[in-house]
Amino acid sequence: MSSSEGTAIYTTDTPEEVKKKINKYAFSGGQATIEEHRKKGGNPDIDVCFQYLKMFLEPDDKKLAKIEKDYKEGKMLTGELKKYTIEKINEFLKEHQKKRQLAKKQIGKFMFK
């Protein structure tokens with residue numbers, strides 16, 4: 001059995017499922033306490049949410065650089081980074097799921113008979 005079973009984000013997940021999975025399972029580069037995080041900052045290189053943004057979800061390089069800087073400096077907390085990532089994932093999935101429903105109506109055109 002896969003170790004990601006139940007923790008992976010699927011294209012069929014609901015917004016609530018995405019929120020639960022990110023909040024519960026996404027490894028953070030933040031510190032143990034808010035005070036410590038504000039003082040020392042976070043490590044975006046090991047933070048799963050930041051990596052999702054960097055690789056897939058945030059097309060604006062300037063915005064991504066600001067998020068990285070704010071996270072490293074402790075201006076942005078882990079919870080705030082997770083919240084933003086959840087919003088971006090859910091935006092993507094909403095559009096994807098809408099297109100998927102439209103595509104289901106066209107499956108017959110591509111089936112061999």
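Buried means under 20% relative accessible area, exposed means over 50%, and partly exposed lies in between, with a 1.4 Å probe and protein chains only. The views below come from a predicted model, in which local features need pLDDT of at least 70 and side-chain atom pairs count only at pLDDT 80 or more, while totals for chains, interfaces and linings use all residues. Residues are numbered from 1 along each chain as its sequence is written, and side-chain values use heavy atoms, with hydrogens and water left out.

**View 1. Glu58 and Lys88 meet in a salt bridge.** The N to O distance between the two side chains is 3.6 Å, where a salt bridge is a side-chain nitrogen of Lys or Arg within 4 Å of a carboxyl oxygen of Asp or Glu. The pair links distant parts of the chain, with Glu58 in the loop between H3 and helix H4 (61–73) and Lys88, 30 residues apart from it, in helix H5 (residues 78–104); helices are DSSP runs of H or I with at least four residues, numbered from the N terminus. Lys88 is buried at a relative accessible area of 15%, and Glu58 is buried at 8%.

**View 2. Lys66 and Asp70 form a salt bridge within helix H4.** The closest N and O atoms of the two residues are 2.8 Å apart, and the partners are separated by four residues, about one turn of the helix. Asp70 counts as buried, with 13% relative accessibility, whereas Lys66 is exposed, with a relative accessible area of 51%.

**View 3. Glu73 and Lys75 are joined by a salt bridge.** Their closest N and O atoms lie 3.1 Å apart. Salt bridges that share partners bring Lys69, Glu73 and Lys75 into one network. Glu73 counts as partly exposed, at 36% relative accessibility. The structure as a whole holds eight salt bridges.

**View 4. Asp47 is buried yet has no salt bridge.** Asp47 lies in the loop between helix H2 (34–40) and helix H3 (48–57), and the nearest side chain of opposite charge, that of Lys82, is 7.1 Å away; here Lys and Arg count as positive and Asp and Glu as negative, while His and the chain ends are not counted. Polar atoms of the Asp47 side chain are found 2.8 Å from the backbone nitrogen of Gly29 and 3.0 Å from the backbone nitrogen of Cys49. Leaving aside neighbours within four places in sequence, Asp47 is in contact with Phe27, Ser28, Gly29, Gly30, Tyr71 and Leu81, contact meaning heavy atoms within 4.5 Å.

Conventions:
Helix = DSSP H or I, 4+ residues; strand = E, 2+ residues; numbered from the N terminus. Polar contact = N/O pair within 3.5 Å; in protein donor to acceptor, adjacent residues only side chain to side chain.
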